[in-house]
Amino acid sequence: SGIVLVAINPYEQLPIYEQDVIYAYNGQNMGDMDPHIFAVAEEAYKQMARDEKNQSIIVSGESGAGKTVSAKYAMRFFATVGGSASETNIEAKVLASSPIMEAIGNAKTTRNDNSSRFGKYIQIGFDKRYHIIGANMRTYLLEKSRVVFQAEDERNYHIFYQLCASSSLPEFKDLGLSKCWHIPVPCW
């Protein structure tokens, strides 16, 4: 294991992830500035460029800790320092599947209204100039037990509730969702 960063989700937007903060961490050595996801991303980026070896950043934590957001910030850092941010919105492209995956794989728990049921492995490809040229996201279904069981005050996969809530729309008529009456559908 290498560098470990402990981040706490403040549950509100803070001005510590802006473009100017990315540029402040760009080119800095680990430990020269405050601990930050951008410091970890900069270290991985530098080692990739210097050693020409693959690097990994593992983002781990409890439900609601901000793992997906931390991964987004790391990708934003790579896109910005690699000169890719203005050419293509890599971060948006890589995470374009996220809303679909979240609808299918996220659930409401007693601690988090949008708790992921998927582990994600994102592989980012760089060219010889260290610009992002593409990415691949693999997902792994976690907590398979929630498919067949849910605790009190929890809700499994959002997509089923969204489909049932939309069952009266004309475009959903052919899906045969008229039997959703027994599922409590939350107001969103």
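A salt bridge is a side-chain nitrogen of Lys or Arg within 4 Å of a carboxyl oxygen of Asp or Glu. This is a predicted model, in which local features need pLDDT of at least 70 and side-chain atom pairs count only at pLDDT 80 or more, while totals for chains, interfaces and linings use all residues. Residues are numbered from 1 along each chain as its sequence is written, and side-chain values use heavy atoms, with hydrogens and water left out.

The protein contains six helices and four strands (DSSP runs, H or I of at least four residues for helices and E of at least two for strands, numbered from the N terminus). From the N terminus, the order of elements is α-α-α-α-α-β-β-β-β-α. Of its 188 residues, 30% count as buried (under 20% relative accessible area, with a 1.4 Å probe and protein chains only).

The largest nonpolar core has 16 residues, and Y25, F38, F77 and F78 have the most contacts inside it. Such a core is a set of buried Ala, Val, Leu, Ile, Met, Phe, Trp, Tyr and Cys residues joined through side-chain atoms within 4.5 Å. Helix 1 (19-25), helix 2 (37-51) and helix 3 (67-81) each supply at least two of the core residues.

Leaving aside residues up to four places away in sequence, F77 touches I22, Y25, N26, F38, A41 and E42 (heavy atoms within 4.5 Å). E42 belongs to helix 2. With the same exclusion, E42 touches Y25, N26, G27, Q28 and F77. E42 is buried yet has no salt bridge; K46, the nearest side chain of opposite charge, is 4.4 Å away (Lys and Arg count as positive, Asp and Glu as negative, and His and the chain ends are not counted).

Technical notes. Buried means under 20% relative accessible area, exposed over 50%, partly exposed in between (1.4 Å probe, protein chains only).
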